[in-house]
Amino acid sequence: MMELRGALIGCGFFAVNQMHGWRDVNGASIVAICDRDPERLKLVGDQFGVDRRYTDARQMFTNGGFDFVDIATTVNSHRTLVEMAVAHKVPAICQKPFAPTLADAKAMVAACEAAGIPLMIHENFRWQTPIQAVRKALDSGAIGAPFWGRFSFRSGYDVFSGQPYLAEGKRFIIEDLGIHTLDIARYILGDVTSLSARTKRVNPKIRGEDVATILLDHNSGATSIVDVSYATRQSVEPFPETLIELDGTQGSLRLSQGYELQVTNAEGATNTDVAPILLPWASRPWHNIQESVFAIQQHWADCLGRQEETCTSGADNLKTFALVEAAYESAASKATVEIRTLL
Ligand code: NAD
Ligand code: 89Y
């Protein structure tokens with residue numbers, strides 16, 4: 001297989017995981033990096049031995065010499081950078097959250113489609129080993145057809161020290177973290193027809209909401225709850241585990257803290273350890289997320305090589321991003337939001 005050459009924009013907190021991931025990916029590697037902050041550029045360039053370095057993304061695109069771009073900046077630059085990729089017909093990966101607004105996200109998808117370039121959103125949580133294990137258990141038919149689910153992420157972990165911007169935005173947990181949980185709900189129970197949401201801010205030191213409870217109606221007829229919190233202190237901190245409960249016509253499934261999956265049906269109960277692998281460059285408790293970064297990047301390289309659409313393409317991720325918009329709309333109006341009105 002020909003080695004795909006990638007360029008990465010945004011050498012910040014999370015991009016270090018992406019750079020490690022690219023080193024492990026079969027069939028792709030990073031040949032150029034860009035950050036408008038020269039200190040970050042030097043740090044990441046030196047750590048990963050990348051000589052081609054730019055402080056200006058436009059200049060990097062003009063010089064070219066890469067087959068795809070990995071955009072690892074924060075949300076406000078996503079549309080501009082994807083549009084640069086479009087102008088140069090370079091396939092693009094863009095970090096979540098997709099864009100500041102759904103209108104921006106739709107414009108980005110339309111521009112990539114018009115240019116005929118693939119766009120993947122780096123929506124990695126569904127690639128976590130425990131989430132994949134839940135999907136597999138469901139596909140095996142072990143619990144029959146799921147009619148109810150809960151997707152829960154409740155933590156007291158200090159995410160603000162590594163990502164200070166999370167304390168500053170008007171929006172916080174739904175846009176930053178709930179976006180992953182909503183995507184997992186879609187991945188496991190299918191697309192959503194309507195939702196209603198309630199939010200709270202408990203931590204007085206931040207601007208946005210840090211607690212959200214969201215009730216979802218799925219196309220399949222299943223009902224689910226997505227509940228997320230960064231204001232929940234527990235004796236054993238579960239960050240960054242998503243806990244899942246599913247009830248089906250033939251049994252039930254529980255993904256519990258400590259990465260334990262229990263499947264119960266007429267044949268009895270089976271418990272399986274579905275813990276993520278601790279990759280050599282990873283560190284606890286982030287290893288669950290870090291492993292999924294490698295997995296989604298490998299998926300991108302495989303799909304780009306075979307000219308196949310990725311499972312979290314821009315078009316797919318609009319449906320997750322619409323749930324984020326709908327949740328904020330519902331929390332403000334206290335009304336149920338029909339998702340088709342947003343798409
Ligand atoms: P960060 O602020 O630490 O890093 C962003 C970097 O991008 C900075 O170094 C900044 O100088 C650079 N940058 C911004 N605009 C630029 C531009 N136009 N050109 C060149 N460089 C530019 O942010 P972070 O915490 O690394 O987060 C980056 C993104 O990753 C966010 O969207 C965040 O939500 C996402 N994230 C995803 C996960 C995940 O699991 N998928 C986890 C954490 C963060
Ligand atoms: O930014 C967030 C993400 O995507 O995963 C966890 C996180 O780093 C903090 O909530």
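Guide: Start with a term. A polar contact is a pair of N or O atoms within 3.5 Å. Keep in mind that this is a predicted model.

Visitor: How far does a polar side-chain atom of K96 lie from an oxygen atom of ligand 2?
Guide: That distance is 2.8 Å. Q163 also takes part: a side-chain N or O atom of Q163 is 2.7 Å from an oxygen atom of ligand 2. For Y230, a polar side-chain atom lies 2.7 Å from an oxygen atom of ligand 2. The protein covers 93% of the 270 Å² of accessible area that ligand 2 has on its own.

Visitor: Which residues are around ligand 2?
Guide: Look for K96, F125, V159, Q163, D176, H180, Y230 and W286. Sort this shell by class, and you get four nonpolar, two polar and two charged residues.

Visitor: Which pocket does ligand 2 take?
Guide: Ligand 2 takes the space of the largest pocket.

Visitor: Now ligand 1. Which residues come nearest to it?
Guide: There are 25 residues around ligand 1. F14, D35, K96, N124 and Y165 come nearest. By class, the shell of ligand 1 holds nine nonpolar, eleven polar and five charged residues.

Visitor: How much of the accessible area of ligand 1 does the protein cover?
Guide: The protein covers 87% of the 860 Å² that ligand 1 has on its own.

Visitor: How is the protein divided into domains?
Guide: Domain 1 is 4-117, and domain 2 is 126-283 + 320-341. Taken over C-alpha atoms, the centres of domain 1 and domain 2 are 28 Å apart. Their contact takes 14 residues from domain 1 and twelve residues from domain 2.

Visitor: How many residues does the shell around ligand 1 draw from each domain?
Guide: It draws at least three from each of domain 1 and domain 2.

Notes
Residues are numbered from 1 along each chain as its sequence is written. Chains are lettered from A and ligands numbered from 1 in the order in which they are written. This is a predicted model: local features need pLDDT of at least 70, side-chain atom pairs count only at pLDDT 80 or more; totals for chains, interfaces and linings use all residues. Side-chain values use heavy atoms; hydrogens and water are left out. A residue is near a molecule or strand if one of its heavy atoms lies within 4 Å of it. A polar contact is a pair of N or O atoms within 3.5 Å; within protein, one must be able to donate a hydrogen and the other to accept it, and residues adjacent in sequence count only if both atoms are side-chain atoms. Accessible areas come from the Shrake-Rupley method with a 1.4 Å probe; for residues, only the protein chains shown count as cover. On a 1 Å grid over the protein atoms alone, a cavity is a set of points where a 1.4 Å probe fits but cannot get out, and a pocket is an open set with protein on both sides within 12 Å along at least five of seven lines; lining residues have an atom within 4 Å of a point. A molecule sits in a cavity or pocket if more than half of its atoms lie within 2 Å of its grid points. Ala, Val, Leu, Ile, Met, Phe, Trp, Tyr, Cys and Pro count as nonpolar, Asp, Glu, Lys and Arg as charged, and the others, Gly among them, as polar. Domain bounds come from an automatic or database domain assignment. Contact means heavy atoms within 4.5 Å.
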